[in-house]
Amino acid sequence: MTPLAEILAARIRVDGPISIATFMTDCLMHPTHGYYSTRDPFGRAGDFTTAPEISQMFGELVGLAMAQAWMDRGAPSAIRLVELGPGRGTLMADMLRATKGVRGFHAAIDLHLVETSPVLRQRQSDAIEFPLTHHVTLATVPDGPLFLVGNEFFDALPIRQFVRDGTGWRERVIGFPGSELCFGLSEPTRLDALNDRLGNTKDSDLVEISDAASSIATEIGARIVRDGGVALIIDYGDWRSLGDTLQAVREHAKVSPLDTPGDADLTAHVDFEALARAASPAKVTRLTPQGVFLQRLGIDTRAEALAEKLSGDALTSHLAAHRRLTAADEMGTVFKAMAIFAPDTPIPPGFGP
């Protein structure tokens with residue numbers, strides 16, 4: 001057992017089974033043994049690779065889309081450019097490099113990064129050549145027009161899982177009945193938060209909810225309605241939660257979520273419908289596959305331009321990166337994009353009507 005598994009087992013012996021949300025929170029953010037608290041998990045030497053690490057094109061296009069959204073909203077002279085969970089800072093560094101030539105955009109930026117990991121905060125400060133402020137939560141980012149990016153952020157927020165039992169629900173929990181952690185189910189209960197799911201589920205169906213994700217989406221929507229701006233969310237998931245999507249990744253391979261607590265990344269698919277509801281009265285775009293979103297922003301043209309300067313292994317790697325970001329059998333379909341924006345303002349770039 002990992003050190004964190006022993007801590008969790010001792011707690012369960014005393015207090016009883018814990019929710020998956022509690023388990024995820026400890027596994028990812030425990031101050032001593034949490035996955036994100038103790039390491040840089042990105043890239044080939046880590047456990048997984050995100051889109052910004054695959055190719056500079058991703059961050060360049062996201063940056064230019066944000067700059068265009070800023071211009072479409074009258075180019076306000078002071079904005080809060082915010083990234084949630086910035087990883088190594090690669091995405092933001094590429095965004096800022098690509099938008100240097102957009103007149104007035106950098107002068108308007110007050111840059112804020114929402115990051116809890118001390119290790120990753122240092123990586124971000126090293127990578128981004130622009131004045132920035134770190135925050136633990138979005139709540140401490142000052143008021144003002146909000147231009148926000150969250151790439152593979154919401155998938156790491158804690159979830160709870162519920163299995164339908166008649167008109168009630170059993171919560172999936174984690175216990176320690178013998179020598180190892182295992183999943184179990186609570187007694188049936190009625191849950192107001194899932195009343196709307198009784199019409200689109202059947203007995204034994206499993207649904208996931210994330211109070212943390214909905215709370216952040218509510219805050220984003222309220223700020224954008226009040227102050228203006230745009231939020232771009234890119235993550236893997238779908239419009240509505242159905243089925244067990246909790247997964248653990250270690251050294252680029254899937255492992256059991258209960259095998260090595262604290263030593264593997266834990267994620268779950270994002271329920272974009274829940275985010276859209278939480279962001280109301282702000283508007284949301286149609287949920288758009290990542291490949292379609294990037295192609296609308298011009299990734300094919302950008303890829304061709306970069307390819308002209310490459311040859312050999314560099315060209316092969318570049319073409320593979322383009323395919324990985326856009327192809328339906330790679331990241332192009334399972335990853336989705338959705339934007340939050342204020343009523344009566346233009347639809348952000350990359351999204352259809």
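In strand β3, the bridge partner of E83 is L113. This is a predicted model, in which local features need pLDDT of at least 70 and side-chain atom pairs count only at pLDDT 80 or more, while totals for chains, interfaces and linings use all residues. Residues are numbered from 1 along each chain as its sequence is written, and side-chain values use heavy atoms, with hydrogens and water left out.

Strand β2 (residues 79-84) runs parallel to β3, and six bridges join the two; I79 stands opposite I109 in β3. Strands are DSSP runs of E with at least two residues, helices are runs of H or I with at least four, and both are numbered from the N terminus. Two strands count as paired if DSSP finds at least two bridges between them. Strand β2 also pairs in the parallel sense with β5 (residues 146-151), over five bridges, and here V82 stands opposite L148. Five of the six residues of β2 are buried, so this strand is largely enclosed by the rest of the structure. Buried denotes under 20% relative accessible area, exposed over 50%, and partly exposed the range in between (1.4 Å probe, protein chains only).

Strand β3 pairs with β4 (residues 132-135) in the parallel sense over four bridges, and L111 has L132 in β4 as its bridge partner. From β3 the chain passes through helix α7 (residues 118-127) to β4 in a right-handed β-α-β crossover; right-handed means that, with the strands pointing away from the viewer, the path from the first strand over the helix to the second runs clockwise.

## R164 in strand β6

R164 lies in strand β6 (residues 160-165). R164 is buried yet has no salt bridge, and the nearest side chain of opposite charge, D203, is 4.1 Å away. A salt bridge requires a side-chain nitrogen of Lys or Arg within 4 Å of a carboxyl oxygen of Asp or Glu; Lys and Arg count as positive and Asp and Glu as negative, with His and the chain ends not counted.

A polar atom of the R164 side chain lies 2.7 Å from the backbone oxygen of G166. Beyond its neighbours within four places in sequence, R164 is in contact (heavy atoms within 4.5 Å) with residues including W169, R197 and D205.

## S186 in the β8-β9 loop

S186 is located in the loop between β8 (182-185) and β9 (206-209) and is partly exposed, with a relative accessible area of 22%. The side chain of S186 reaches the backbone nitrogen of E171 at 2.8 Å.

Key: Polar contact = N/O pair within 3.5 Å; in protein donor to acceptor, adjacent residues only side chain to side chain.
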